[in-house]
Amino acid sequence: MKLLGAGLAWSFTFQSSVVGFPTLQKRESNTATPRNVIYVQTFTDSAGNWFNLTDLVTEQSGITHVILASLHLDSPTQIHLNDNDINSTYWDPLWPMVTSLQSAGVKVSLMMGGAAAGSWARIATDFDVYYPEILSILRSHNLDGFDFDVEENVSLDALVKLAQQLDTDLGTDFILTGAPVATALVNEGNLDNVSWPLLDATATSSTRPNGKLFNWYNTQFYDGWGNAGTPTTYENIISAGWDPSRIVMGVLTAGREGSEWVSLSGLSSTISSLKSMYSDFGGISAWEYGGGAGSSDGVTPEQWVATISSYLFY
Ligand SMILES: *[C@@H]1O[C@H](CO)[C@@H](O)[C@H](O)[C@H]1NC(C)=O
Ligand SMILES: *[C@@H]1O[C@H](CO)[C@@H](O)[C@H](O)[C@H]1NC(C)=O
Ligand SMILES: *[C@@H]1O[C@H](CO)[C@@H](O)[C@H](O)[C@H]1NC(C)=O
Ligand SMILES: *[C@@H]1O[C@H](CO)[C@@H](O)[C@H](O)[C@H]1NC(C)=O
C-alpha cells in the first residue's frame, strides 16, 4: 500500500474495510443507481505484467461494473480485443479475473468500437457473419453486457437490430449500454451520424427496464464533448428530456487519458450537486483503469475508484 500525499482516500478506505460497500445489493438490479463503472483497455504494464482486476474487489473499491475494451471486428476470422485475437491464449489470465469480479457481485461487459473504425460498419453490412461471433464470445465468457461505443457512421437500424438480437438471445437481464458523447444526447456534436435521442426512442422493449433496450448510456463528458467539472453538461442533457437514472457521467481517470480531466475534488463537487438535484443520478463511468487511473490525483487505481464510491454512495 502506498502512502497518500493528500490523505485523500485513506480514512475512507480504512472505514470501508469495516463497513463494506453496497456492491452486492447493486448487482441485484440493472436499474439500481448510482453506478460506479470503469473501462479497462490497458491490461498489462509496459513489461507485460498483468494488472490484477481482482484488486478492485479485494481492496473494496465499491466498483459495480467493469467494461472490457475494445472489441474489433477486423474480418470474419479476425476478431480482436485490442491487439490480440479474442480467442488467443494471450487472454488466458483475463477470464479468471472476470469470473472473480462476477463472484464478488461486479458485472462485466464488453465494449465494441471506440476510436478504431470498421467494426460497426461490418456488423451493419455483414450481420449474419459477425453476429454469431459476438454471441459466441459473450456466451463463452459468460459476460453480463455489451457496450456500444459507436465512433463511425452507421445506420440507426443496424444498432437497433444488434440490440434486439442480443436481448432475444441473452435475455432481459443482459446489460445493453451505449457510449455516446454528451453533446450527441442533445443532437449537437457527435462522433457518428446517429441521432441518439431518436435511437433511444426507437430502441424500445416491453420487457426491459424503463421500456428501453438500452439500460443506460456511459456518456463521454470530456475531449471537448462535455465537461465534468460542473453540473452544467449533465443538467443540459436532463433538460432535454433524458431520465437521470439512465445517464452515467463518463469522466477521465487521469490527465494522460485525454483532455478535460477533472480532479477528484472537482468530481466530488459535481457529483454532490448532481446527487442533490437528481435523487436517481445514474452514476460515474471512467476511462480507464490500467493507463494510470488516479495518477494525476496521486492515488492508486483502486483508491481512485474507492474515492468515487465515497462520493456516490455516501
Ligand atoms: C489476482 O489476485 C488474486 C488474489 O487476489 C490471485 O488469486 C490471482 O492469481 C491474481 N491474478 C493475476 C492474473 O495476477
Ligand atoms: C473463436 O473460438 C470459437 C470457439 O472455438 C469459434 O466458434 C470462433 O469462430 C472463434 N473465432 C474466431 C474469430 O476465430
Ligand atoms: C449514417 O451513415 C450510414 C452509413 O454510411 C448510412 O447508412 C445512414 O443512412 C447514415 N444516416 C444518416 C442519418 O445520415
Ligand atoms: C458521417 O456523417 C456525417 C453526418 O451525416 C458527415 O458529415 C460525415 O462526413 C460522415 N463521416 C464519414 C467518415 O463518412
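**Labels and their grounds**

Reply: In this predicted model, the side chain of Asn87 brings an N or O atom to 2.3 Å from an oxygen atom of ligand 2.

Me: What about Glu133 and ligand 2?

Reply: A nitrogen atom of ligand 2 lies 3.1 Å from a polar side-chain atom of Glu133. That is within 3.5 Å, so this is a polar contact too. Thr77, Asn87 and Glu133 surround ligand 2. The protein covers 50% of the 360 Å² of accessible area that ligand 2 has on its own.

Me: Which residues are around ligand 1?

Reply: Asn52, Thr58 and Met97. A side-chain N or O atom of Asn52 is 2.2 Å from an oxygen atom of ligand 1. With 3.5 Å as the limit, that is a polar contact. Ligand 1 alone exposes 360 Å², and the protein buries 41% of that.

Me: How many salt bridges does the whole structure have?

Reply: Three. One of them joins the side chains of Asp167 and Arg208.

Me: Why is the pair Asp167 and Arg208 called a salt bridge?

Reply: An Arg side-chain nitrogen must lie within 4 Å of an Asp or Glu carboxyl oxygen. For Asp167 and Arg208, the N to O distance is 3.1 Å, so the label holds.

Me: Where in the chain do Asp167 and Arg208 sit?

Reply: Asp167 is in helix 7, residues 156-170. Arg208 is in the loop between helix 8 (196-202) and strand 8 (216-220). The two are 41 residues apart, and the pair links distant parts of the chain. Both Asp167 and Arg208 are buried.

Me: What makes Asp200 and Lys212 a salt bridge?

Reply: Their side chains meet at 3.3 Å, N to O. The limit is 4 Å, so the pair qualifies. Asp200 lies in helix 8 and Lys212 in the loop between helix 8 and strand 8, so the bridge ties together parts that are 12 residues apart in sequence.

Me: Why is Lys212 called buried?

Reply: Buried means under 20% relative accessible area. Lys212 has 18% relative accessibility, so it counts as buried.

Me: How do you know that Asp200 is buried?

Reply: The relative accessible area of Asp200 is 5%. That is under 20%, so Asp200 is buried.

Me: What makes Asp200 and Arg246 a salt bridge?

Reply: The closest N and O atoms of Asp200 and Arg246 are 2.7 Å apart. That is within 4 Å, so the pair is a salt bridge. Asp200 lies in helix 8 and Arg246 in the loop between helix 9 (232-239) and strand 9 (247-252), so parts 46 residues apart in sequence are tied together. Arg246 has a relative accessible area of 3%, so it is buried.

Me: Which residues form one network?

Reply: Asp200, Lys212 and Arg246, through salt bridges that share partners.

Me: How do you know that strand 9 is mostly covered?

Reply: Six of its six residues are buried. Ile247, Met249 and Val251 point one way from strand 9. Val248, Gly250 and Leu252 point the other way.

Me: Why is strand 8 said to pair with strand 9?

Reply: Pairing needs at least two bridges. Strand 8 and strand 9 have four, so they pair, and they run parallel. Tyr217 stands opposite Ile247 in strand 9.

Me: What makes strand 7 and strand 8 a pair?

Reply: Two bridges join them in the parallel sense. The requirement is at least two, so the pair passes. Trp216 in strand 8 is the bridge partner of Thr177. Strand 7, helix 8 and strand 8 make a right-handed β-α-β unit.

Me: Why is Ala306 called buried?

Reply: Ala306 has 2% relative accessibility. The limit is under 20%, so Ala306 counts as buried. Ala306 is found in helix 11, residues 301-313.

How values were computed
Residues numbered from 1 in each chain as written. Chains lettered and ligands numbered in written order. Predicted model: local features only at pLDDT ≥ 70, side-chain atom pairs only at ≥ 80, totals over all residues. Heavy atoms only, no water. Near = heavy atom within 4 Å. Polar contact = N/O pair within 3.5 Å; in protein donor to acceptor, adjacent residues only side chain to side chain. Areas by Shrake-Rupley, 256 points an atom, 1.4 Å probe, with all protein chains shown as cover. Buried < 20%, exposed > 50% of the residue type's maximum accessible area, 1.4 Å probe, protein only. Right-handed = clockwise from strand over helix to strand, strands pointing away.
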